[in-house]
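Okay, thanks for coming, everyone.

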Amino acid sequence: MKVYEKSHKLDHVCYDIRGPIMDEAQKMIRGGEDILKLNIGNPAYFGFKCPDEIVDYMARCLPDTEGYSDSKGKVSAREAIMNYCKEKNIPNVDIDDIYTGNGVSELIGICMQGLLDDGDEMLVPSPDYPLWTASVTLAGGKAVHYICDEESNWYPDIADLAKKITPKTKGIVVINPNNPTGALYPKEILEQIVELAREHELILFADEIYDRLVLDGAEHVALASLAPDLMTVCLNGLSKSHLAAGYRCGWMCLAGNKTNCKGYIEGINLLSAMRLCSNVPAQSIIPISLEMREATNSLLVPGGRVYEQRECVYKLLNDIPGISCVKPQAAFYIFPKMDTAKFNIKDDEQFALDLLKQAKILITHGGGFHWNEPDHFRVVFLPDVSMLRTACQRFARFFSTYKQR
Ligand code: PLP
């Protein structure tokens, strides 16, 4: 009998929590147990709603969206994105430099596949949003992880980044604001990354999907705005800022100086055309969404849900002996550190499983984000304050006695 295995290309792809943790969670849920899911960055799951005006507008557009669009996307959507780039000082983005996608996820795959040959290296942060490492790997490349430093607010460690550049390095991925740490990088750090890219003639990849989810009145600086002389592939979308994750709406812009990237752009155009086009109804809401930003802004200020939830989780987790966390300044993630000596933690996947079984909380362990030490986990703080309080009480009870065996 023929036996079909998964492709070997997937052997080293690690993506989110699968395997024993997910199997156990599903078994417990089927058994009627009440699991607190702090592992999903999906606003709709926690009662956040895409504004009615946007949903109604999409419904009205449906009759006009029956055919394929241009493979790069509708002109109206790309014009709105072009204006957004201008607003963010992202240089040299013309309508032809913009591609809409079925979420940023699809475009991450396209921009890696279009560039990498076997053995090419891509600098990816650790911890990372794991789709980046997976996409580099599936494209035949090698993800080389540079450290983001918890002692410095989780900013990229520039010395580590510099020492990992080799003749095979093609580019640097920067996720800002960051998932899973919630860090927002200051201009000075971004400038140093740009300087390295300049020195070694590398392409920059800026995943900025959380750029409209910034707290404390801070300002997000677009990486491309600091690098007009280099090519930056900028990625953004509506999943998070407009609470519209299910619509699958993202975009990619090729910014800056593209003179030595003509071949690469040809590759991107080919891959973009091969999928015919991205979801057209989702493209139709890009102009109205980029005009309407108050809905999310109100979540980010004192009294707003995201702000209050961040305050709550940050305080209550830090109050637990053996747990410490850096305050996130953006997005809706916090990446707490555990005192591994106190809890005798040697294996963070085992910790996640123990937490699930004993405290009935589902989180993602640090290893799920290509973090090499077994001393971190990510909490999504999208649940409302009362659910977060319950979760933190369960965390406190669990950690008061936990010793890994
Ligand atoms: N990039 C980052 C950093 C993310 O956290 C996510 C989703 O969680 C994505 C990209 C994918 O977003 P999309 O829904 O647009 O595919």
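So, overall size: a compact globule of 405 residues would have a radius of gyration near 22 Å, and the protein chain comes in at 21 Å, which agrees. That radius is taken over C-alpha atoms, and the globule rule is 2.2 Å times the number of residues to the power 0.38.

Keep in mind that this is a predicted model: local features need pLDDT of at least 70, side-chain atom pairs need 80 or more, and totals for chains, interfaces and linings use all residues. Numbering starts from 1 along each chain as its sequence is written, and side-chain values use heavy atoms, with hydrogens and water left out.

The C-alpha trace spans about 60 × 60 × 50 Å along its principal axes. Of the 405 residues, 57% are buried, meaning under 20% relative accessible area with a 1.4 Å probe, protein chains only.

Now, where does Gln-404 sit? You'll find Gln-404 in the segment after α15 (385-401); helices here are DSSP runs of H or I, at least four residues, numbered from the N terminus. Gln-404 is buried, because its relative accessible area is 6%.

What does the side chain of Gln-404 reach? One of its polar atoms is 2.8 Å from the backbone nitrogen of Lys-346, and the backbone nitrogen of Asp-347 is 3.0 Å from a polar atom of that side chain. Leaving aside neighbours within four places in sequence, Gln-404 also has contacts (heavy atoms within 4.5 Å) with residues including Phe-343, Ile-345, Phe-351 and Asp-354.

How values were computed
Buried < 20%, exposed > 50% of the residue type's maximum accessible area, 1.4 Å probe, protein only. Helix = DSSP H or I, 4+ residues; strand = E, 2+ residues; numbered from the N terminus. Polar contact = N/O pair within 3.5 Å; in protein donor to acceptor, adjacent residues only side chain to side chain.
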